[in-house]
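Let us read this assembly step by step.

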Amino acid sequence: MTEIGLNHILFVSIALFFIGVYGFLTRRNMIMMLMSIELILNSVNLNFIAFNKYLWANKMDGLFFTIFIIAIAAAEAAVAIAIIINLYRSHRSIDVEDASDLKF
Amino acid sequence: MTAQDIIFYLLAAFTLVTGFLAVTTTRIFRSAIFLLFSLIGIAGIYFWLEYEFIAAVQIVVYVGGIVVLIIFSIFLTQEAGANLPDTTITKKITGGIAAACGFGFTLLQVLQHNFTGTTEPGIEPSVANIGNRMLGVNEFGYSLPFEVVSILLLAAMVGCIVIALKTPVQK
Amino acid sequence: MFDKLTLSLIPLLPLLSFLMLGLFGRKVFKNFSGIIGTGALLVSAGLSLSTAYNYFFVSGKVDGVYQKITALKISWLEFSPGVSIDIGILLDPISVMMLVVVTFVSLMVHIYSLGYMKGEERFSTYYAFLGLFTFSMLGLVMSSNIFQIYIFWELVGVSSFLLIGYYFDKPSAVAAAKKAFIVTRFADLGFLIGILVLSFNAHTLDFETLIQRLTDPNSEYMRSAIAPAFLGFSSLTWGLMLVFIGGAGKSAMFPLHIWLPDAMEGPTPVSALIHAATMVVAGVFLVGRLFPVFAISCPGALELVAYTGALSALFAAIIACTQTDIKRVLAYSTMSQIGYMMFALGVSGYGNEDGLGYMASMFHLFTHAMFKALLFLGAGAVIHFVHSNEMNDMGGLRKHMPITHITFLIACLAIAGVPPLAGFFSKEEILLAAFHHNKLIYGIALITSGITAFYMFRLYFNIFWSKEFHSHGEHHGEGGIVMMLPLILLSLGAAFAGFIPFSQLVTSDGKPFETVLHLSFSVAPVLLGLAGIFIALRLYKTQNDIANKISSSLSGFYSSAYHKFYIDEVYLFITHKVIFNLLGKPAAWFDKTIVDGFINRLGSSSEKISEETKTLQSGQVQQYAAYFLAGAIGLGIIFIYVLTLK
Amino acid sequence: MNLSLLILIPLVAAIIVLLSRNAQQVKWISLLASVAQLGLSLFLLSAFMGERANGNVSQMLFEQRYSWFAPLNIEYYIGVDGISISMILLTAFVVLAGVLVSWNVEKMTKEFYFLLLLLSLGAYGFFISLDLFTLFFFLEIAVIPKYLLIGIWGSGNKEYSANKLALMLMGGSALVLVGLFAIYFMSGIHSFDMVKLSQVHIAIEVQKIFFPMLFVGFGVFTAIFPFHTWVPDGHSSAPTAGSMFLAGISMKLGGYGCMRVATYLMPEAAKEYAPIIVILAAIAILYGAFATMMQKDLKYINAYSSVSHCGFVLLGIGMLTKTSIEGAVMQMVSHGLMTALFFAVIGMIYERTHTRKVEELGGLLKIMPFVCSVLFIVGLCSLGLPGFSGFVAEMTVFMGSWQNPEMFYRVATIAACMSIVVTAVYILRAVGKTAMGPITNQHFLELKDAAWNERLAAIILVLGIVAIGIAPFWLSDLVSPGAELIMSRIPTVIIN
Amino acid sequence: MNELLLMKSELVVTAIIFILLFIKINDITSNETVLKIINALLVLNVGAGFCCMDVTGELFSGMFKTNVLIAFEKNMLNIGTLLISLLSYEWLKNHRHLPEFFVLLLSSLLGMFFMISSGNFLIFYLGLELSTIPIAALCNFDLEKKQSSEAAMKMIMSSAFSSGILLFGISMMYGTTGTLSFAELPQYLDGSPLQVFSFILLFTGFAFKLSVVPFHLWTADVYEGSPVAVTSFLSVISKGSIIFIFLTTLYNAFAPMAEVWYNLIFLLSVLTMVIGNLFALRQQNMKRFLAFSSIAQVGFILIGISGGGQNGISSSVYFVLIYIFSNLGAFGAVQLISSFSGKETIDSYKGLYQTNPLLSWVLTISLFSLAGIPPTAGFFGKFFLLSSGAEKGNYILITIAALNMIVSLYYYLRVVRAIFMDKNEQPIASIKGSIYEKAGLLICVIGIIAVGLYSHFYEYIYSLSIF
């Protein structure tokens, strides 16, 4: 078809994955951490789609997996945001570093 | 290099750059917008890959749902979130190194791997095919996961309601 | 022939008396305790005498040789086939003789104590202990098995401990008791290892078999035993030397004698019984028991016996001259006399006339028991009278205690070797044996005999003559019939025991032989003895300061002799400084700091690590994620690049 | 003869004790149970001797066997031989005495007796087990009650001691556990059945690795150097009955295990490691003795002397002759009785004078003649006086050790023998200072002599000691076939 | 009909969820009545679980499968859930969102059921999320407590991150093998580096839920902050379910990679035991303490898993059964004390025996069981775990484990010591629990004693453990 092969897309997804990881590890705002998670999940989705397209087009496993991941990501995000808002109510902060009463 | 290639590269670059900006800008609202762009970029790649249904879902759920939810929550928590102190430099460096190492290592593994796909003819990812399978109970049917996800969503909703709804303080 | 029951009763009666008095004495018997103990011993002594008669004159001699008769043998504890501790009764001349000596002296002491210990709070306990001691001593002399002898050896030791420590609220008595026990225990260690060596070589613990196996030059036991084993000595030599160490400890041979003078802290009758007549000769008895092995297979060890004995005899005699506590003088005298017996064994050969020394040693043992017991009981009477052990508190007692005086004099003459008293005969035989065997030892013996006469009469004159006795307060006379009767009986023994034809009865191989007394040979020792007496007469009969002058002119020697040549101090140094400081304290320290410390450190260090690593759990969820990621990637690297290399 | 009764009686008694609400009732039930146990043990002894006299020569008698965890071939398999019977008797004696001595415990009486019974249950179970799993099970059962006994009813630095004891003993049993697995899997028969295992050969390389584990593991229980440090602390902090059980029974679990499991099942390695065992034992004996000399507290004195005395057990095992192993068993029995009695007496003294410091005591013989007489007896037994069990046991060990003809073992034996002198020193010091001499404290004059329960306890133990001391032959006859069996597996030449 | 029977556990739980929703929506009765109904339903649930256990089969073309062992595992989880409900009575009684609590709890349970029964990565993943997300919400159920929401945040963040990595692993696995089905997977596994890597990423997903070091860091914080009921659910039920699916996937799907996962488990089990024990050493809060101790316990379970074969399965499953009783016994006591007195630190337990002897015994027995002291079942459990490990011949691992048992004993004894030995001026007042709590604790104690001594349990599990 074109020169664009599987590896190109995998490069994009892996890069996106680790961009997400980087964000998750460094951002202090919990909502931004959540956004990073979304990036991670999207990179996985991209993986599944790419594999489905290039390698295993005879079945639609990857595709369906992607759909379910999207659904779950929504649920997860919803619960996470609920928790963050609750936390914000009690801590008056959404800085993740402030939420460290529990330690050692 | 064909036009398709160029489109892919553009899409990829767009996605990655906006993704990167999303996790690095200090302004949280901007960050959300960058995320939005990045997600749209991915949807673009799906289109490019001719998985239109997924692309549509991506836009509907992510762009229409999750990002809106996120922006909504940003508004809710704005007074605290607006002026967060910046991340310490050490944290950035360690995070960067960790991510970079992970990226390098993973990429190395992927590039070294010789992917061998099937030679069987592929299935058109059409809405009809997807729809049939999604609710099918026979082979290649996905009705069980569908049910599971629905319960999951139900549970998530219940959880969200209990947690997030501001309840009157009991006497 | 010999009734097992009768023989068993001899030791068992005292044991019975011990058990009865020990368990119920304080409450049930109280004042009858003495009677019970004495009665039991009276029967026992009677049985011993009849046994002796039976053995020596009726059924002991077969074909002109006194037999070793194993009258009883019960397997008590079997270690391995053939090697077992048997509790048995072995009758041979020396054991029968010892039976008589032990029961007789013990009976005397029992009777004497009725008076001497009257009114003591723990009267019954005292008699119980006496019973225990007599039982153990009898068991010892009758032993048919070397381990049996060790068992009773230890029991004798502990009864000695109990009796020395009888006045347990006196710290010095407690200390003396402990010292006696520990020093003899130390010696017993040698004995024990000796037993192990001998039993391993002979593959038996039974005396008869052991002696037979280790004296037969053709037996394989013998061959392995005399092969050089360790430091150039054969294992047999080692075994015998070690056994002798045990004997030397009990018999207070130099340098293991230090406990004996202190042991005088016990009641005086006890000193008479244990530390003069019976227990302290156990060492001599032990060497005598194993004599064939010593004499036939290992003359080298016998040399050790001879020199140790001679040295102790002289050494003790010199110290005795300087002591002022009358019991201590007697104690050193005992040591000296036992030295006599020891070297007599040492200079002896085996069989017939060669065994003269052996016979003489046993003879001296017998006579010594009589006169030394007498001396102690006499001293007891004196102490009872003046309430002091110190010579300086005494003097001029001959008028106050005539019977004591006479009997004491007899005993002194006997020990000084004045004919025709008992000591003369036995000592002559010893000197004769030494003369034939070793002139050096003969010389030492001769000098010792002179010194003996001197210090005994120094004692005698200091007590009974010297100054006039000034009575302080009330005195209760000589102590009545119960105290005098033993004195009289023993003085008879001291006077006439010399006429017993010992060479007809007790010999190294059981065959009687004739001894000849050369008058010319006797001249020298007798003269020396008389000279000693004379000097003592001059110095001590009346109060004068010649003695002090002499002693001050010999000041260095005198004071070191007075301080028992500082042997005690050496021991004290070794035990307190060396053992406590170099072994005990380091061991305790090591235990506390190193071993225990290590284990505690193990605990505290893991807690410390735990404390150090707590920052891992920082509460920062991003850090957790970083660890998570690092873990995942790290494991990936490990499993892809490290673990697949092999 | 149903051996399971030995476990059932304490179990039932423990449950009743736990359910009852009356302290007096608790005591009597415990007493009843321990008397019953003693009776049962004596009956067992006579039954055993009867069977043997009738010519029953099977290795173990009165066997019982039920499948327990079938997939792993684990069985509840019990049976006895002479060695176990002597241990059972010891346990019965000590338990009875312990129950009597504790009659005055007022703090949490019910729990106290419950734990005592549980502890005895563990010991009985251990001694009759023929299946290694059951054996291990009971071994561990016996640990925790000790911890609680010390920690709750103890004195001094009790928490520390209790912790140390529990952890070190558990450490020992952890090593044992590894060794047991090795035996199970490496023997090739996948069985914990000791009798069966004794008929197979475990590869020498396996033995070399796991014998030390097993031996040290059990050794910790019997205070092998340098894992003895729990002994002084544990003993000194424990309540009287606790110390009695600890020294009298619990330390014997280790010796029995070293003998029965380690040496019996891995004979080649035992031979190989014998010199090391002997060195450790000799160190324990002498070093324990010297350390004892420096102690000032009566309980510490007895505790360190236990280290020294238990060294004889290990020495006996390490010497690997029939007689020495016999001696080791006798020493276990003897030391068990003796040390229990010693602790009982110390307890009596402490209860009255409220001090255990030797310097502060003195002249007690006049005030409490019974207690002090017992103290004398136990002291004399400890220093190996004939007529008491200690002598017999130590002499058997010595005789057995000397049978090992190599110079190295000889030297070790002599070194061990030397301890009899040191023992005499510290025992006489302790006893002399405590019982004899002038009375140091006028308050002592008001003290009372032993009460009936204490007298009874002491008499029972003294009887035991004397019974062995006067007539050792029955014990040696009892133990001898077992020792011979163990020896029969030791190779005469090491196969490398 | 038979197909319905295969899914009966899931159906029953779903039914209960809907009943609860119905109750909630109509807001029918008081909390106490609701609790009665719930407990009755849970008892029914347990009962239903034991009916018709011996059906084996697959549904949805292998996505869902079940057999007797899996049915038994589900029953174990049911029992655990029932126990938690009983033991948390006091806390639940006063909770405003009682029906929601159970909706979420049972959804999570349902997720676990799907997970255990999954024959496919997709169902596995969904089950995992279904079991995790409601728990994250539950962690926040002490609504007034700051710590509770912090715990929930940590839970959801960590689990999201973890599931991201897990998904990445699954996607790579999918890319290299082309299948998501466990049954088909083995034939495509070739042990290439990428596969190994993606297996490790996948493994981290399990490891995260199991709290295997170094993926354990969330555990203690979440345990401490969450309500005790949730903590016990997390530490017992959730872990149990992961162990079950872990066994299935490792032994079946990843059988060709046995060498990799064996070494991985060896390494991580040592790390987990050591770190878990080290951290447990100095904890003061009982929940946190139990969190670290449960991390160490996981190290032991990993040894059992490493054994492989019938022994590996049976010993692990058996241990989970014991662990349910022991840990719930401990948590039950902690819960009771916490809800009556609000005290959760070890120091505040001092002198507990004086006021609450029975409760002290329960807690002590539970802790002894966790420490592996006979005659409690924990002893047998640990013994079999180690024997499973020893079967492989890895004695180094066994020795390390055995030594770790000592360390663990040390800190368990700390609690015992506080209860029995230490003096306290103001010990926790005497606690009068309701009949539910008593029943719960009684069941735990009976379980702790009986499951070990009565060998039938083990033999039964062993007979089921064929794959």
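**Cavities and contacts**

A: Start with the lining of the largest cavity: its residues divide into 10 nonpolar, two polar and one charged. Keep in mind that the model is predicted.

Q: What shows where empty space is left?

A: Rolling a probe the size of a water molecule over the atoms does that. In this structure, a search of the whole model finds 14 cavities of 30 Å³ or more. The largest cavity holds about 90 Å³ of space.

Q: Which residues are the closest to the centre of the largest cavity?

A: The lining has 13 residues. Closest to the centre are Glu140(D), Met170(D), Ala371(E), Met405(E) and Ile406(E).

Q: Which elements give two or more residues to that lining?

A: Chain D supplies helix H5 (132–141) and helix H7 (158–186). Chain E supplies helix H19 (395–420).

Q: Now the contacts. Which pair of chains has the most?

A: Contact here means heavy atoms within 4.5 Å. Eight pairs of chains touch, and the most contacts are between chains A and B. Chain A puts 71 residues into that contact, and chain B puts in 89 residues.

Q: How do I read the area buried between chain A and chain B?

A: Read it as the accessible area that the two parts lose on being put together, summed over both. For chain A and chain B it is about 7200 Å². Carbon and sulfur atoms give 76% of that area.

Q: How many salt bridges and polar contacts are counted between chain A and chain B?

A: For a salt bridge, look for a side-chain nitrogen of Lys or Arg within 4 Å of a carboxyl oxygen of Asp or Glu. The count between chain A and chain B is two salt bridges. One of them pairs Glu97(A) with Lys91(B), with the closest N and O atoms 2.4 Å apart. The polar contacts come to 15 residue pairs, both residues at pLDDT 80 or more.

Q: Which elements of chain A give two or more residues to the side that touches chain B?

A: They are helix H1 (6–26), helix H2 (30–54) and helix H3 (61–91). H3(A) gives the most, with 22 residues. By type, the residues on this side of chain A divide into 46 nonpolar, 14 polar and 11 charged.

Q: Where does chain D lie relative to chain A and chain B?

A: Chain A and chain D do not touch, and their nearest C-alpha atoms are 25 Å apart. No contact joins chain B and chain D either; their closest C-alpha atoms lie 38 Å apart.

Definitions and conventions. Residues are numbered from 1 along each chain as its sequence is written. Chains are lettered from A and ligands numbered from 1 in the order in which they are written. This is a predicted model: local features need pLDDT of at least 70, side-chain atom pairs count only at pLDDT 80 or more; totals for chains, interfaces and linings use all residues. Side-chain values use heavy atoms; hydrogens and water are left out. Buried area is the accessible area (1.4 Å probe) that two parts lose on being put together, summed over both. A polar contact is a pair of N or O atoms within 3.5 Å; within protein, one must be able to donate a hydrogen and the other to accept it, and residues adjacent in sequence count only if both atoms are side-chain atoms. Helices (H or I, at least four residues) and strands (E, at least two) are DSSP runs, numbered from the N terminus. Ala, Val, Leu, Ile, Met, Phe, Trp, Tyr, Cys and Pro count as nonpolar, Asp, Glu, Lys and Arg as charged, and the others, Gly among them, as polar. On a 1 Å grid over the protein atoms alone, a cavity is a set of points where a 1.4 Å probe fits but cannot get out, and a pocket is an open set with protein on both sides within 12 Å along at least five of seven lines; lining residues have an atom within 4 Å of a point. Grid points are joined across faces, edges and corners, and a volume is the space filled by probe spheres set on the points.
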